[in-house]
Amino acid sequence: MKTSNVDEPITLVEPDPRWPALYASEAERVRGVLGAVATRIEHVGSTSVPGLAGKPIIDLLVGVRTLEEGKAVTARLVALGYEDFGEVFIPGRLYLRRRGPPHFNVAIAEEGGAFFTSQLAVRDYLRAHPDEAKAYADEKRKAYAHGARLFSTYSQQKNAFVTALVERALAWALASR
């Protein structure tokens with residue numbers, strides 16, 4: 001597991017039509033090394049929402065039955081060039097990244113758990129509510145314009161908006177069942 005600083009410089013870009021294909025290709029590579037341990041692999045984050053500006057980093061959400069099963073296979077992702085940061089920042093989520101370009105993040109979490117569920121809810125909510133996606137893009141641009149050029153400061157400046165967005169998305173997902 002990597003012990004160096006997980007923080008990194010960020011850029012904010014307009015949507016790239018190649019993002020879904022980049023996700024599909026990387027998901028296939030990840031599935032190939034994780035096999036049945038991965039119960040589900042989903043494209044999440046800003047690059048999964050058509051028309052949404054974001055960091056040019058493709059986020060893959062890998063569902064597992066237990067986090068212990070996920071921990072047992074992270075070395076397979078390291079062999080693909082990923083850095084393993086373990087359970088950094090968010091309990092119940094393993095974080096790995098591979099920088100290119102293209103750039104990828106992998107989050108491993110229990111399928112159906114709080115992190116897994118919230119990630120899918122936000123993605124689906126933003127896809128279904130273009131006005132919310134626009135408001136989120138505006139919030140990102142505002143943070144970036146105010147000098148947030150590191151992942152940590154960028155995340156901190158958006159935190160209140162993202163927390164409220166997650167709440168709205170989860171409520172919408174629950175009501176949509």
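Welcome: strand 2 and strand 5 run parallel to each other and pair over eight bridges. Two strands count as paired if DSSP finds at least two bridges between them. Helices (H or I, at least four residues) and strands (E, at least two) are DSSP runs, numbered from the N terminus. The model is a predicted one, in which local features need pLDDT of at least 70 and side-chain atom pairs count only at pLDDT 80 or more, while totals for chains, interfaces and linings use all residues. Residues are numbered from 1 along each chain as its sequence is written, and side-chain values use heavy atoms, with hydrogens and water left out.

- Five strands form an open sheet in the order 1-2-5-4-3, with mixed pairing.
- Strand 1 (40-44) and strand 3 stand at the edges with a single partner strand each, so one side of each has no neighbour in the sheet.
- Strand 1 and strand 2 (residues 57-64) run antiparallel and are joined by five bridges. Ile41 has Val62 as its bridge partner in strand 2, and His43 has Leu60.
- Strand 4 and strand 5 (residues 103-110) run antiparallel, joined by six bridges. Here Arg97 has Asn105 of strand 5 as its bridge partner.
- Strand 3 (residues 83-84) pairs with strand 4 in the antiparallel sense over two bridges, and Asp84 has Leu96 of strand 4 as its bridge partner.

**Covered strands**

- Strand 4 (residues 93-98) is largely enclosed by the rest of the structure, because six of its six residues are buried. Buried means under 20% relative accessible area, exposed over 50%, and partly exposed in between (1.4 Å probe, protein chains only).
- Both faces of strand 4 are covered: Arg93, Tyr95 and Arg97 are buried on one side, and Leu94, Leu96 and Arg98 on the other.
- In a regular strand the side chains alternate between the two faces of the sheet.
- Strand 2 is mostly covered too, with seven of its eight residues buried.

**The nonpolar cores**

- The largest nonpolar core has 22 residues, of which Val30, Leu60, Val62, Leu77 and Val106 touch the most other members. A nonpolar core is a set of buried Ala, Val, Leu, Ile, Met, Phe, Trp, Tyr and Cys residues joined through side-chain atoms within 4.5 Å.
- At least two residues of this core come from each of helix 1 (19-34), strand 2, helix 2 (67-78), strand 4 and strand 5. Helix 1 gives the largest share, five residues.
- Leaving aside neighbours within four places in sequence, Val62 is in contact with residues including Val30, Ile41, Val106 and Phe116. Contact means heavy atoms within 4.5 Å.
- A second, separate core of twelve residues includes Val49, Leu52, Ala121 and Ala133.

**Helix 3 and its surroundings**

- Helix 3 lies across strand 1, strand 2, strand 4 and strand 5, and runs at about 45° to strand 1. Axes are lines fitted to C-alpha atoms, for helices over the stretch in contact, and angles run from 0 to 180 degrees between N-to-C directions.
- Helix 3 (residues 114-128) packs against helix 4 (residues 130-145) at an angle of about 110°, with their axes 5 Å apart. The two helices are therefore roughly perpendicular, a label used for angles of 65 to 115 degrees.
- Tyr125, Leu126 and Ala128 of helix 3 make this contact with Pro130, Glu132, Ala133 and Tyr136 of helix 4.
- Ser118 is in helix 3 and counts as buried, because its relative accessibility is 11%. Not counting residues up to four places away in sequence, Ser118 touches Val166 and Leu170.

- A hairpin of four residues joins strand 4 to strand 5.
- Gly100 and Pro101 are joined by a cis peptide bond, with omega about 25°. Another cis peptide bond joins Pro101 and Pro102, with omega about -10°.
- Phe89, in the loop between strand 3 and strand 4, has a positive phi of about 70° although it is not a glycine. At 59% relative accessibility, Phe89 counts as exposed.
- Most residues other than glycine have a negative phi, and most peptide bonds are trans.

Notes: Angles under 35 degrees count as roughly parallel, over 145 as roughly antiparallel, 65 to 115 as roughly perpendicular and the rest as oblique.
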